[in-house]
Amino acid sequence: MSQLPERARIREVGPRDGFQNEPEVVPTAEKVRLIEMLGATGLSRIEVTSFVRPDVIPQLADAAEVLAAVSLPDSVSVSVLVPNERGLERAVALREHFHEINGFLSASETHNAKNVGRSVAESLDGLSRTFVRARSEGLRCEGVISTSFGCPYEGHVPVERVLDVACGLVDAGAVEVGFGDTTGMANPVQVRSFFEAARSRLPGVELTAHFHNTRGQGLANVLAALEAGVESFESSFGELGGCPVPAGATGNIATEDLVSMLHEMGIFTGIDLGALIAASRAAQGVLGRPLGSHVLLAGPVDWRSS
Ligand code: ZN
């Protein structure tokens, strides 16, 4: 087995990826309280909301209110997801409240057309303009590529195709590229060879793995990515976040499951697992239903220390 990294970075995406997939709209004050609990866990990156069209995603219509209200430690890099230039302009009105933007598109034409109604090339053009504008505001840019490991409509997506899109994002100014396993189609063997190829095509670019646990392979894929040299991950507390295809499927890997595994393997994250579990428990209280993470149910491995 190859050498594992000594430390890993985690971006918590639950406040965006999770809350947007809840059938109910989470009250703004509860979102702010939960985000601040996350900020107190030692997480260094939190995606707090998304500036998407409120009529399309009413769950995040309070993006500006949430961003203005949250109070987070200076050590937390705050990011917002922006779909396009219009979303960025809404975000930039609150420029002093965040540090990074995340722009997204899909690697497969069918998924991109269904998701944002554009071709992949049109999305890349739009993101290029968005990143230029964001960089002029001193914002760090991350591009996330959905369906990087397979598309629910097209099936297999060639690695070279995904990496061509990634190179387009880097040319546009992204310093970090996230690869999303949108509907949980990735397996560990595929993940390892994917990231080996990505590292040689994209030297110097931060490569981030965004796995979904749709088919229970999320953490196995994390280990494969670690073995391929990936040190950056995105996950969601409480395993919040669904996924529209297939209906009812689970979404993101749970941050507490990820942190627990990394810590048990001796990989430093800087995150207090007990505080993270408390945040997920609080989210259960707000949502009024049990959440899906394993560690939330079972507790930490070293239960005496929590
Ligand atoms: Zn996700």
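Predicted model: local features only at pLDDT ≥ 70, side-chain atom pairs only at ≥ 80, totals over all residues.
Of the 306 residues of this protein, 55% count as buried, where buried means under 20% relative accessible area with a 1.4 Å probe and protein chains only. Residues are numbered from 1 along each chain as its sequence is written, and side-chain values use heavy atoms, with hydrogens and water left out.

Let me begin with the whole chain. The protein holds 12 helices and 10 strands; these are DSSP runs, H or I of at least four residues for helices and E of at least two for strands, numbered from the N terminus. Its radius of gyration, taken over C-alpha atoms, is 18 Å, close to the 19 Å that the globule rule gives for 306 residues, so the protein is as compact as a globular protein of that length. That rule is 2.2 Å times the number of residues to the power 0.38. The C-alpha trace spans about 50 × 45 × 35 Å along its principal axes.

I turn now to helix packing. Two packed helices are described by the angle between their axes and the distance between the axes. Axes here are lines fitted to C-alpha atoms over the stretch in contact, and angles run from 0 to 180 degrees between N-to-C directions.

Which residues of H2 and H11 meet? Glu30, Arg33, Leu34, Met37 and Leu38 of H2 touch Leu276, Ala278, Ala279, Ala282, Ala283 and Val286 of H11, contact meaning heavy atoms within 4.5 Å. By class, these are 9 nonpolar, no polar and 2 charged residues. Helix H2, residues 28-39, packs on H11 at about 165°, with the axes 9 Å apart. The two are therefore roughly antiparallel, a term for angles over 145 degrees.

Helix H10, residues 255-264, also packs against H11, residues 273-287, at an angle of about 165°, and here the axes lie 10 Å apart. That makes H10 roughly antiparallel to H11. The contact is formed by Thr255, Glu256, Val259 and Ser260 of H10 with Leu273, Leu276, Ile277 and Ser280 of H11.

Finally, H10 has a contact with helix H9, residues 218-227: their axes come within 11 Å and cross at roughly 50°. Leu219, Val222, Leu223 and Leu226 of H9 meet Asp257, Leu258, Met261 and Leu262 of H10.

Conventions
Parallel < 35°, antiparallel > 145°, perpendicular 65-115°, else oblique. Nonpolar A, V, L, I, M, F, W, Y, C, P; charged D, E, K, R; others polar. Buried < 20%, exposed > 50% of the residue type's maximum accessible area, 1.4 Å probe, protein only.
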